[in-house]
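Please keep the sequence and the model in view while reading.

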Amino acid sequence: MPVLYRSAGRLLGLLVLALPAALVACDSAPPPSPPPADPGPVQVDGARDELAALAAAAQDRHLVAQYVFSGSGQPDRTMVFTSANDGSWRVDVPGGALGGTADVSLAATADGLFQCALPSTGHPEPARCVRLGERDDAIPRKLDPRIQHPLTDWLDVLTDRRAPLAVAVAATPKGLTGACYSVDSTSASLNAPLDVGIYCFDPDGTPTGVRTGAGTLRLAAPPGAAPATVQLAGPVVDGEPLGTAAPPTPDPSVSPSAGTS
């Protein structure tokens, strides 16, 4: 029996000596490395923040500027955009109605949203304006030439972080200037909040160009100073605004004097 007690005591002593060494070995093992950070979302969020800041600056940018719109199979059109110091705006759009044969002016003032028909080939009458609704109302689709949106309400979409957009830094397209961003919609809805494409701005918020599937809008010259407010192109009348659709083609088989002697 004494021999067994001595053997058990020696075994217990070895275990007591080995336990601290094992604990030290465990403590000296390096902790597992954290998983590498994914820089992708950070870059995307950064691009969206940059674009939102430029669009916000554009909303506060008051100017008079000429823009040239180039669409596939269409002649270039030079439109004038005015953003006045009181927040009103006006854009004159050549060929903005009647299938491109009539010129119109769109304006948003404290009195509402207006379409003004300008004297042109397809509408030779003097300028007149029709009220479309409140200043923040959307332009009805059948009256909307669409090329003014990058300078007006689409700026609201670009500043809204809740809008379903994916934004990335883009190379500046040929013919455009400024910092450019690729904007895509992440919504499955057919009614996207804006046209996907490339949007470009100067550092002061001046929109310098937009390229979408509809065409390219580019700043044609350095902007001028803004007026205190915009003036409508003509008097406001009760009447129908001009639609974008082309008027029906007259039937050549029908004579104006048909049915008369």
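A disulfide joins cysteine 180 to cysteine 200, with an S to S distance of 2.0 Å. The model is a predicted one. The link of cysteine 180 and cysteine 200 is right-handed, with 110° about the S-S bond. This pair links distant parts of the chain. Cysteine 180 sits in strand S8 (residues 179-185), and cysteine 200 sits in strand S9 (residues 197-201). The two are 20 residues apart. Both cysteine 180 and cysteine 200 are buried.

How many disulfides does the count come to? The count comes to 2 disulfides. Another disulfide joins cysteine 116 to cysteine 129, with an S to S distance of 2.0 Å. Cysteine 116 lies in strand S5 (residues 112-118) and cysteine 129 in strand S6 (residues 128-133), so this pair ties together parts that are 13 residues apart in sequence. The torsion about the S-S bond of cysteine 116 and cysteine 129 is about 105°, so this disulfide is right-handed.

Is cysteine 116 buried or exposed? Cysteine 116 has 0% relative accessibility, so cysteine 116 counts as buried. Cysteine 129 is at 0% relative accessibility, so cysteine 129 counts as buried. The cut-off for buried is under 20% relative accessible area.

The table sets out the two links.

| Disulfide | S to S distance | Torsion about the S-S bond |
|---|---|---|
| Cysteine 116 to cysteine 129 | 2.0 Å | about 105° |
| Cysteine 180 to cysteine 200 | 2.0 Å | 110° |

Which pattern do the disulfides of the protein chain follow? With bonded cysteines counted along the chain, the pattern is 1-2, 3-4.

Now the sheet. An open sheet is formed by 11 strands. Their order is S6-S5-S4-S3-S2-S1-S11-S10-S9-S8-S7, and the pairing is antiparallel. Which are the edge strands? They are S6 and strand S7 (165-170), and each pairs on one side only. Neighbouring strands of this sheet are turned by 20° against each other on average, direction ignored.

S5 holds cysteine 116 and S6 holds cysteine 129. S5 and S6 run antiparallel and are joined by 5 bridges. Glutamine 115 stands opposite valine 130 in S6. The edge strand S6 thus carries one of the bonded cysteines, cysteine 129.

Terms used. Residues numbered from 1 in each chain as written. Predicted model: local features only at pLDDT ≥ 70, side-chain atom pairs only at ≥ 80, totals over all residues. Heavy atoms only, no water. Disulfide = S-S within 2.5 Å. Helix = DSSP H or I, 4+ residues; strand = E, 2+ residues; numbered from the N terminus. Buried < 20%, exposed > 50% of the residue type's maximum accessible area, 1.4 Å probe, protein only. Pairing = 2+ DSSP bridges. Axes fitted to C-alpha atoms, helices over the stretch in contact; angles between N-to-C directions.
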